[in-house]
Structures are given as structure tokens and as C-alpha cells.
Amino acid sequence: MKESILLAYKKRPRAWILNLAIFIFIVLIFIASTPYIPYKGIQEKSISIAYSILYGITQPDFSYFLDFSKGALPYLLLETIAIAFLGTLIGAVFALPFAFLSARNVVPKWMAHVGTFFIAVIRTFPAFVYGLMFIRVTGPGPFTGVLTLAVSGIGMTAKLFTESIEDLDMGIIEGLDASGCTTIQKIRYGIIPQLMSNFLSTTIYRFEINVKNASILGLVGAGGIGYPILAAMGAYRWKDAGTLLFGLIVVILIIDYFSGRLRKKLATGQ
Amino acid sequence: MMVAWFKEVIFPSPLELANGKIVKPKRSPMVYVLPIIFVLILISMEITGFDFMVLVNRGYQFFVIIGRMIPPDLGFIPKVIQPMIETIMMSIVGTLVGAFFALPLAFLSSDNIIKNKIFLWVNRFVFSIFRTLPILIIALLAKYVFGLGSFAGTVAIALFTWLIMTKMLYELIETVDMGPFEAVESSGAGRLKAFWVSILPQILGQFISFILYNFEMNVRSASILGYVGAGGIGLLLNEKLGWRQYDKVSTILLTLLVTVYAIETLSRAIRKKLS
Amino acid sequence: MIEFKNVVKTYPGNVKALQGVSCQIQQGEFVAIIGLSGAGKSTFIRCINQMHTITSGEIIVNDENVTALKGNDLRHFRRKIGMVFQSFNLVKRTTVIKNVLTARVADMSLWKSLLGLYTKEDKILALTALDNVGILDKAYLRADTLSGGQAQRVALARCLAQKPDIILADEPVASLDPLTSQQVMEDFVKINKEFNITVVANMHHVDIAQKYAQRIIGIKAGKIVFDGPSQSLTNDDLTNIYGRSLQHDEIKGLE
């Protein structure tokens, strides 16, 4: 065999050492975590409960869907969508100033840091904490849900808005500047076309999340279908829980489908 | 001023360019989208009982709790550390387990690898249904199976991560360069082997990014897990909220903020190194 | 030996790529396939290792009816056939040696290939293959740092590491500049002679095909319209294959 090939073989990088180190590190983390995550076995009734829920979801009681009175399934779903819709819109409106104030290409750097920090603080509060705070203002009910989703959505929405603003193509605006455009025209032709579709896309995405988050609102009694689901599960009414969940899943699937298509359209610009 | 501004946005006037050409902007779809949104807002306000006056009259109540949170009870920090570590451990283990199982499922859900359309369609549909379940419901179900405590919370995080990461991964896999895969397949390797040596190296960096991103998300959502009794910092948060010890609540939130910030900084550094 | 027996390939939408092709290629031959794009050159090549399945007819490779192969048997058969592509098809984000080693996974057990446990023999084989195409010194560089010519040599080394009887090349030099094209083609010739490996290559440029291949097969609209030694190819034959006189850049790839 040729000398040069053997030499090259000897010089091979020992990648496996790093891989092994990473593997051992992960194993160590798992070992270290065991005292924090004690396994206490499976609950006695767990199989039958899991079965009941699955049964409820797969065999929903369709008569629920025909009851159009207030507080019945269709109304709860409508209420959930309404809460998510208003909450998302208000959240997006409030996110706008935060987003512009933390975009590094709009404000000075220190200002952007302050803005980013503020967004991080808003994001740290879990949604149900906002829920508890708003309940003092508006009492239990869907109104509280709207405010909760609005405020808890500001953080993520503002962060994504900021990213779109920072991705702005400034060349276009300079070009408009050079052709003697007024500020309004610059905003109309240079900035809005670039930002609008991104902002809309983010807002629609947040709407999706907010419909899913409706169950969290149930924790604090802030309206929507969340509370009835949690109550049914808490009282071991699995068939009810399954049917309500089925309703929510169907609504989420429909919304996901249309918002996915809409966002694809916005992204490709058609 | 505002009116003119909105008019300009919705019914833009023609723009004359420097070379004398007149650009007539296309009529924006806003012309019919805005009225629809307006009507939807009115309907939603009716359904949710939205009342602006309540906000004006009682809005100060919101700041009552905030006021009680300040100043945070810093002496409480030592009692927060332990549950915080528990939360981090739950998130690490849950995220890693979820990611571990996401890779094979993503493999089975990518339309450029699996050519059986029926299998692909059924597989994706079933898991898109599971994906609609909020983490709160998953945590509740885990609690019924594994009992109160952090093990149920870890299972919930793992399941949730598994479902989300699978979708992120297969969407990524569908964008990779299939040339190397074809080359390895043409040498007589099966699809799994070909995937492993030709596609995995292409997605590995992104995959690690996803893991870090999900880890951040999971530490954040830990508070909700505690609410249903699934362990971690959320349990403590829930307790202090129940007792209305808001200065301790703010201490917990402060710890969470610092932790999340540290994780974000660390993961940003790792991601930078990867790319 | 590769034998086509009245092979027909029809794509969905009634697009006829091959319409009754029959021919024999002996072990160790260097055959270039020429013709207009869309004439069926690529289909011809990809039918041999069943990357495309044919509609009717038979393809026999080394006494084996390829068209009947499925699953494990098909994969086993493909191990003896290397393939080179116009766009090199390397994994760019990993090293050259790892790219060459991917040729070995087909022979390995699943768990060994998942863990990346290549044997010393595999690694020596891969390095030898790189040495054969003259880029041993690039073994531990990332594939995305290579030039086009080097990348195609790595792809060729990947084929060699498979220890193939046949190498199929789908427009191997179409994305390379003329000078690099010649160097890569010389590597093909060297491998063809040294290891008696059959080479079947689609060629875009007629002069390169003529210079390096021993035999030329001209395909027009899914049918073989010329098959003979490359010296015997005349201008009339070319006009027949391409259906018109050739433009300058179609003949000339060599300057």
C-alpha cells in the first residue's frame, strides 16, 4: 500500500471523541435529573381514563353540536373564536409601538435594548397571571379572556414584528427618497408594502395560537371553551370532555388550514 | 392628518416619478378587507361583552396587583432556586426525549422520502390532530396517567416537543438538496441509510437550533404545567398566587426572567458557533 | 455486460422517452451517449440501475434481469453500479472523506451505518479511491470548499469506493469549464482502463465524447440512430442524430 495513503489514514480527525463526549454529557444530565423527576409508576385507573377520553374524542356526541343555546358547544366555540380574534387584534395593535421602539434600524441602539428588555418582561408573565390580574378589572368572563390574550400576545407578536422591521430593505426607501417622495409616500410605497404582509402573517399566526390557548383561559375562568373542558375533565365526565375537545380540535384544524393557506399566499405575494 | 393618512393607505393617489411616468397603484385589497374586519370586530365585541367604559373606570385595578408585586421579596430567592432547577431539568429531559423521537417521525412524514401518498396523508393527518392539543390538556392527561408531580410534567413536555418538532423537521427535510440522497440510494443503500448519511448532515445544524428553541419555549411554559400540578416552578407560582403573596410571585417571575434570558443568551451563542 | 432488449419507457402524460431500444455493452467498454436534450439520454442511463423503472422490454446486466428486481435484491444489485451526476450530488456540509465513505453504507449493517462505524478497510479504501483521482490531500476538507472539478473527482472516488463493475455518468462534465472537463474525463479513462470498469456516460459536447469514449451511441426521440466506434462518427451521422447541423457550442467543449 502506498505510504501517502497510510499517512493520510493516520492523520484522520478523531471525530468520535467529540461525539462520545456529547453522548456522555447527555447521559450525565439524564442521571442528574432523576432525583428531580421521580417516577412513581402508572396510576391505577390511567388506562381506563385514557380509553374514556379517546372514546369520547372518537365517538363525539353529535347532539351537542345541534344545541344552539347560549353556553352550549357551538356557542362556546364561537365565543372562543371571538375572544381569540379580538385579543389578537388588540395585542397586535399594542405590539406595533413596542416593535418599532426595539428595531435597531429605527431607533438608537440603547433604545432598542430597552425595548427588547421590555418585550422580554412582558413575555415572562404567564398568560394565566395576566388573567388573574384582569379578573379584578372585568370579573370572570370572556371580556377578561380578550384582555388576557391581548396582553400575553404582545411579547411574541412584538418580537416577530421587530424581526420584520429589521429585515426591511432600506435600498427601496433610499430610492424613493432620491425620486423626491414625501414622507407619506415613502411610507406608502416603501415601507407598508414590505411590512404589511409580514405583519399580517404574524398576526394570523398569533390568532392560531390564541385559539389553542383558549384552554389556558379556562384555568382562570376567562371565558371560552377552556373552562368547560377542564371542568368536565376534573369531574371525570370523559364523554363530555371528549366531545368538547373534539369540537375544539375541529375548529383548530379548520383555522390552521385556512391560516396556513393565507400565510402562504402572503409570503409568495399573490 | 390621520384621515388623510388612512385615505392615502386605502385609496392611494397616483405617484409621479422623476421621469414623468405616473404610477397608478393597484387598488389595495384593504378596500373590502377592512369593512369585513370592522364587522367582525363589532360581532366579537358583542359576544365577549367588550366594554370600553369598564376599562376606563376599573382599569386601575390591573395595576393594584402590579403595585403589590413591587418590591419583590428578594429573601424568597433561595426557596425559588430548587423548583427552578427542577423546571430546567424537566425541560432538558423532556426536550431531548421529544427531539429524539421527532427525527424518526419526521423521516416518516417527509414527502420527498416517503413515496406512499396514502401512508403519508394518514400519518400527517393523525399527528396534525394531536398537534392541536394544547400543552395544558396534554399535561392534564399525563397527570391522570402518571400522577401529580414532575414526571407527568416531563412527559407532557416530551410529547408536546415531539409533536411540534416533528412538523418543524419534516418541513425542513422537504427543502434539502435531494442530490446526495439520490447518489447514496443509487449505490444500493436503503432510504433510512441514505437519509442518515446524506440528509442528516444537511439538517443537523438547524435541528440543534430547533432543540434550543424548544427548550426555551418549554422553560417558559413550565408555569402552566405547575398549574395543573405537573411539577416545577409553576407549582410554587400557583401556590403563591393562591395565597396572594404577590411580592413572592414577582420574585418567582424575576427568577424565570433571568433564567430564560440566560438560556437565550447561551443558545444564541451556540447557534452562532454552529453557523 | 449490459443488454437492452426492446426497452420502452413512457412517462406519465404519454411522454415517450425510450421507444424500443436494443443494444449490448461489453464489460470494460467506454460508451458515450449523445443526442439532443430530451432525446432520452438520461432515461437510458437511469434505467440501467433502475433509478427509473421501464415500461416494457428487458434490461439484462451481468446475466441478471434487472427489470424484475425489487427491494433488497435491487439494492444488492445497485452496489455493483456507481453513478456520477452533473451536479456532483455531494453532501456539502460534511468532509470529503465522509462523502466517499457514504458509498460503503450499503454494505454495512444498519446500526453500524447509523453510528458511523466505518472499518479501517473502509477508510483505507476511501482514501485509496481519493488517491486514484488525485485529491488525497483534500480528504479532510469540507466538500463545500472544493472547486467544481475537485467535487466531481470526489464523486468519482465515491463510485470507486463502491468497487463497481459499471459506472454510469449523467452529464459528468456539463457544469465544468473546458479545461477541467478534460482533466475529469482523463480520470474516467484512467479508471476505465486500470480497473476494467464499464463507463456509460451522457455527453453534452460531441468532441469530448469522441475524444474520450471508444464507442458512441446516438439517441434521437427515444431511438438509437447511431451505434459505433467513435472514430466512425461522421458529420452526416451528427446531422441525423441532432436533426439539424450542430451549432458551434454543441460540438466544441474542448477549448
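This text walks through a predicted model, from its confidence scores to its chains and their contacts.

Start with confidence. The model scores ipTM 0.91 and pTM 0.87. Chain C has an average pLDDT of 90. In that chain, 96% of the residues reach at least 70.

Turn now to chain A. Its secondary structure comprises eleven helices and zero strands. Read along the sequence, the pattern is α-α-α-α-α-α-α-α-α-α-α. What is the radius of gyration of chain A, and what would a compact globule of 270 residues have? Chain A has 26 Å, whereas such a globule would have a value near 18 Å. Along the principal axes, the C-alpha atoms of chain A fill a box of roughly 70 × 70 × 40 Å. Of its 270 residues, 40% count as buried. The contacts of chain A can also be sorted by sequence separation. Take those between residues at least 6 apart in sequence: 70% of them join residues at least 24 apart.

Next comes the interface between chains A and B. Here 56 residues of chain B are in contact with 57 residues of chain A. On the chain B side, 40 of the residues are nonpolar, twelve are polar and four are charged.

The largest nonpolar core holds 217 residues. Which of them touch the most other members? They are Ala139(B), Ala156(B), Ile33(C) and Val100(C). Leave out residues up to four places away in sequence, and Val100(C) touches Ala126(C), Ala129(C), Leu130(C), Val154(C), Ala157(C), Arg158(C) and Ala161(C).

Chain C also contains strands. Strand β1(C) covers residues 2–11, and strand β4(C) covers residues 56–61. The two pair in the antiparallel sense over five bridges. Within this pairing, Phe4(C) has Ile59(C) in β4(C) as its bridge partner. In general, the side chains of a regular strand alternate between the two faces of the sheet.

Strand β4(C) has a further pairing, with strand β5(C], residues 64–65. This pairing is antiparallel too, over two bridges. Here Val61(C) has Glu64(C) in β5(C) as its bridge partner. How many residues lie between the strands in the hairpin of β4(C) and β5(C)? There are two. In this hairpin, Asn62(C) takes a positive phi near 45°.

Terms used. Residues numbered from 1 in each chain as written. Chains lettered and ligands numbered in written order. Predicted model: local features only at pLDDT ≥ 70, side-chain atom pairs only at ≥ 80, totals over all residues. Contact = placed C-beta atoms within 7 Å. Nonpolar A, V, L, I, M, F, W, Y, C, P; charged D, E, K, R; others polar. Core = buried A, V, L, I, M, F, W, Y, C linked by C-beta atoms within 7 Å. Buried ≥ 20, exposed ≤ 12 C-beta atoms within 10 Å, placed from the backbone. Helix = DSSP H or I, 4+ residues; strand = E, 2+ residues; numbered from the N terminus. Rg over C-alpha atoms; globule rule 2.2 N^0.38 Å. pLDDT = per-residue confidence, 0-100. Pairing = 2+ DSSP bridges.
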